[in-house]
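User: Hi! Could you walk me through this structure, beginning with the terms you use?

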Amino acid sequence: MGHAHESNTKRIWIVLAILSIITAVEVVLGIYKPKGLYLGGFLGTSWLNWIFIILTIAKAYYIAWAFMHLEGEKKWFRRSVVWTAVFLICYLVTLVLIEGSYLHETLAPLVKW
């Protein structure tokens with residue numbers, strides 16, 4: 001007994017729409033840079049940067065979920081893939097923020113930003 005082939009066209013359009021909306025939000029925020037988000041800050045970087053980081057992680061997760069077919073995998077496997085990636089991304093973001101602020105403070109007297 002074979003399974004009936006189901007068209008994935010609708011699913012592809014939904015994935016495209018969701019990723020397009022998230023990307024459009026990122027582009028609009030990048031172009032307009034609201035002062036409330038750009039000038040305020042949390043943990044050494046602006047709220048706008050945090051929004052970009054969170055939206056990028058959400059897009060990466062959704063791409064893995066949809067195109068790497070994680071939704072059909074066992075629960076323990078999904079968690080091991082997702083939590084490993086989340087941990088590594090948080091570690092990388094922390095290093096980039098620490099080193100970026102250090103470089104900015106070190107080079108600020110030498111470079112006209």
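User: What kind of model is it, and how are things counted?

Analyst: This is a predicted model: local features need pLDDT of at least 70 and side-chain atom pairs count only at pLDDT 80 or more, while totals for chains, interfaces and linings use all residues. Residues are numbered from 1 along each chain as its sequence is written, and side-chain values use heavy atoms, with hydrogens and water left out.

User: What share of the protein chain is buried?

Analyst: Buried residues are 15% of the 113 residues. Buried means under 20% relative accessible area, exposed means over 50%, and partly exposed is in between (1.4 Å probe, protein chains only).

User: And contacts between residues 24 or more positions apart, what percentage are they?

Analyst: They account for 44% of the contacts in the protein chain with a separation of 6 or more. A contact means heavy atoms within 4.5 Å.

User: Nice. How many salt bridges does the structure hold?

Analyst: It holds one salt bridge, defined as a side-chain nitrogen of Lys or Arg within 4 Å of a carboxyl oxygen of Asp or Glu. The partners are Lys-59 and Glu-26, with their closest N and O atoms 3.0 Å apart. Lys-59 lies in helix H3 and Glu-26 in helix H1 (residues 9–32), so the pair ties together parts that are 33 residues apart in sequence.

User: Are those two buried or exposed?

Analyst: Lys-59 counts as buried at 17% relative accessibility, and Glu-26 is buried with a relative accessible area of 12%.

User: What else does Glu-26 touch?

Analyst: Not counting residues up to four places away in sequence, Glu-26 touches Phe-52, Leu-55, Thr-56 and Lys-59. With Thr-56 there is a side-chain to side-chain polar contact at 3.3 Å. A polar contact is a pair of N or O atoms within 3.5 Å; within protein, one must be able to donate a hydrogen and the other to accept it, and residues adjacent in sequence count only if both atoms are side-chain atoms.

User: Which residues does Leu-19 contact?

Analyst: Leu-19 is also a helix H1 residue, and it is buried at a relative accessible area of 15%. Leaving aside neighbours within four places in sequence, Leu-19 is in contact with Lys-59, Tyr-62, Ile-63 and Phe-67. The C-alpha atoms of Leu-19 and Tyr-62 are separated by 8.1 Å, although these residues are 43 residues apart along the chain.

User: Tell me about H3 itself. How far does it reach?

Analyst: Helix H3 (residues 47–67) has 21 residues and reaches 30 Å from its first C-alpha to its last, close to the 30 Å expected at 1.5 Å a residue. That expected span is 1.5 Å times one less than the number of residues. The buried residues of H3 are Leu-48, Trp-50, Ile-53, Leu-55, Lys-59, Ala-64 and Ala-66. After H3 comes His-69, with a positive phi near 60°.

User: Where else is phi positive?

Analyst: Lys-33 has a positive phi of about 40° although it is not a glycine. Most residues other than glycine have a negative phi. Lys-33 sits in the loop between H1 and helix H2 (35–38) and is partly exposed, with a relative accessible area of 42%.

User: Switching topic: where does UniProt put the transmembrane regions?

Analyst: The unreviewed UniProt entry places that feature at residues 12–32, 47–68 and 80–103. UniProt positions are given in the numbering used here, feature names are shortened, and annotations may be inferred rather than shown by experiment. In the model, residues 47–68 are 95% helix and 0% strand, with end C-alpha atoms 31 Å apart. Residues 80–103 are 100% helix and 0% strand, with end C-alpha atoms 34 Å apart.

User: Last one: how many aromatic pairs turn up?

Analyst: A search of the whole structure finds one aromatic pair. The rings of Trp-76 and Phe-77 have centres 5.9 Å apart and planes at 80°, so the pair is edge-to-face. Rings of Phe, Tyr and Trp (its six-membered ring) pair if their centres lie within 6.5 Å; planes under 30 degrees apart count as stacked, over 60 as edge-to-face and the rest as tilted. Trp-76 is exposed at 59% relative accessibility, whereas Phe-77 is partly exposed at 33%.

Conventions:
Helix = DSSP H or I, 4+ residues; strand = E, 2+ residues; numbered from the N terminus.
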